[in-house]
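My entries follow in the order in which I made them.

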Amino acid sequence: MRRADQAERRHLHDTFAQLCRIESPSGSERACATRLVDELEGAGLEVSEDDAAREAGAECGNLLTRIPGRPGSSDGALLLCAHLDTVAPSAPIEPTLVADGWENANEGILGADNKAAVAMLLAVARRAVAEAPAIGLELLFTVSEENGLRGAKAFDASVLRSRFGYVFDHASPIGEIVVASPSHYRVEGEFQGTAAHAGIRPEQGRSAVVAAARAVAAMRLGRLDGETTANVGRILGGSESTNVVPDRCRLEAEARSLDPAKAETVVAELVDRMHDGANAAECDLDVSVEQQFVGYRIRGSAAPVATAERALRACGYEPRTIATGGGSDANAFQAAGFSCVNLANGTERNHEPGERVSVEALEGMLDVTLALIDAAAAC
């Protein structure tokens, strides 16, 4: 398919800004989904919504639309996927062009993760309706990705007709192809002590906060090796008064590794340290462990990797395969037995107040995806 013209590029930027203004933190995607459905149906496409909302903890399910290839096009189809949700915004989102890129005029996320990909796929849909592609397309828009890939995990991949697919959800330079992603576990500990007056009877108290603090102090955190990380993300506990020995504290942690065995080992360590902290402070402890997503590795010779490399080179980008410490909907699809690759889309500083995407990257990924369609038809 030919590269985007100036009118398509202007429309792409307008759509991106409009989507960013629609706040859609995980679980609150309906307004964004409605905007998406209006555009797709306005282009003459049928959109189906699955029943993943309850399982995903979202206002709506995943959205799927299909665009047939031109007569005589290759058999099969190609899946292109983006997610509708963002992390929770800390400030109103007002997209503004600063120098060569989009930023939030306020001190908060922009929502380029993953609205840049959503806007780009809408542009692809508009082109594919006007000029039938060389291969059939399936466009999937998932919910609750930022909340443990819940939408993609609830999606029935058996309904797909595609041979393989792509998500566009890695905040790094265009050209990077994710071929390895970690297994990710969430670990939560609920410490329960005994409340007492901190100034009169502190000896009778058992501090849950002290128990949690001892646990965290003994944990190995941060980057543990080249493929393993651990983090404590949240501590909730104590009382509204400093004169009470706190009897409750909640600790939320995670462990990730490209090596599944290492991930399990770190999880066991985190749990052990929580028990050690509880015992030292004479508190009770309830622990829960949940695997958020399963890791994967893809061979560099696999069809979706080779196809992406051809498309990137056709658009002037040098492909580079990478391993990442982050997860994406590709993890859920790989676990379901559907071959899917995550492509970097040039966004920057996702989940941060300084999040941005350059004009060049937003337009570049549209051209790459149009080239990807032709490359997939030829493989």
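**Entry 1: surface.** I began with the accessible area of the protein chain, which comes to about 16,000 Å². Carbon and sulfur atoms supply 46% of that area. I note here that this is a predicted model, so every value below is computed from it. I then looked up burial and found that 54% of the 379 residues are buried.

**Entry 2: overall build.** I looked up the secondary structure and found 10 helices and 20 strands in the protein chain. The C-alpha trace spans about 80 × 40 × 40 Å along its principal axes. I also checked the contacts with a separation of 6 or more, and 79% of them join residues 24 or more positions apart.

**Entry 3: charges.** I found 36 positive and 56 negative charges in the protein chain. Their mean positions are 3 Å apart. Side chains of opposite charge can pair when their charged atoms come close, and I looked for such pairs next. The structure holds 28 salt bridges. I followed up some of them.

**Entry 4: Arg-250 and Glu-188.** How far apart are the closest N and O atoms of this salt bridge? I read 2.1 Å. Arg-250 belongs to strand β14, residues 248-257, and Glu-188 to strand β9, residues 183-192, so this pair ties together parts that are 62 residues apart in sequence. I then asked of Glu-188: buried or exposed? Glu-188 has 15% relative accessibility, and since buried means under 20%, Glu-188 counts as buried. Arg-250, at 25%, counts as partly exposed.

**Entry 5: Arg-206 and Glu-282.** These two side chains meet in a salt bridge at 3.3 Å, N to O. I placed both in loops: Arg-206 between β10 (196-197) and α6 (208-218), Glu-282 between α7 (260-280) and β15 (284-293). The pair therefore ties together parts that are 76 residues apart in sequence. Arg-206 is partly exposed, with a relative accessible area of 26%. Glu-282 is at 54% and counts as exposed.

**Entry 6: Lys-262 and Asp-225.** I read 3.2 Å, N to O, for the salt bridge between these side chains. Lys-262 lies in helix α7 and Asp-225 in strand β11, residues 222-225, so the pair ties together parts that are 37 residues apart in sequence. Both ends are partly exposed: Lys-262 has a relative accessible area of 30%, and Asp-225 has 27%.

I also noted a network in which salt bridges with shared partners join Arg-2, Asp-5, Glu-8, Arg-127 and Glu-131.

**Entry 7: helix α10.** I picked Leu-370, which lies in helix α10, residues 359-378. Leu-370 is buried, with a relative accessible area of 1%. What lies against Leu-370, leaving aside neighbours within four places in sequence? I listed Met-1, Arg-2, Arg-3, Ala-4, Val-124 and Arg-127. The C-alpha atoms of Leu-370 and Arg-3 are 6.9 Å apart, although 367 residues separate the two in sequence.

Asp-367 is also in helix α10. Asp-367 is buried as well, at 7% relative accessible area. Not counting residues up to four places away in sequence, Asp-367 touches Arg-3, Ala-4, Arg-9 and Cys-315.

**Entry 8: Glu-309.** I found Glu-309 in helix α8, residues 303-314. Beyond four places in sequence, Glu-309 touches Ile-177, Pro-319 and Thr-321. Thr-321 is 12 residues from Glu-309 along the chain, and their C-alpha atoms are separated by 9.2 Å.

**Entry 9: Glu-49.** At 38% relative accessibility, Glu-49 counts as partly exposed. Leaving aside neighbours within four places, I listed contacts with Arg-30, Cys-60, Gly-61, Asn-62 and Leu-63. I also looked up the spacing to Val-37, 12 residues away along the chain, and the C-alpha atoms are 9.8 Å apart.

Key:
Residues numbered from 1 in each chain as written. Predicted model: local features only at pLDDT ≥ 70, side-chain atom pairs only at ≥ 80, totals over all residues. Heavy atoms only, no water. Helix = DSSP H or I, 4+ residues; strand = E, 2+ residues; numbered from the N terminus. Buried < 20%, exposed > 50% of the residue type's maximum accessible area, 1.4 Å probe, protein only. Contact = heavy atoms within 4.5 Å. Areas by Shrake-Rupley, 256 points an atom, 1.4 Å probe, with all protein chains shown as cover. Lys, Arg positive; Asp, Glu negative; His and termini not counted. Charge placed at Lys NZ, Arg CZ, Asp CG, Glu CD. Salt bridge = Lys/Arg side-chain N within 4 Å of Asp/Glu carboxyl O.
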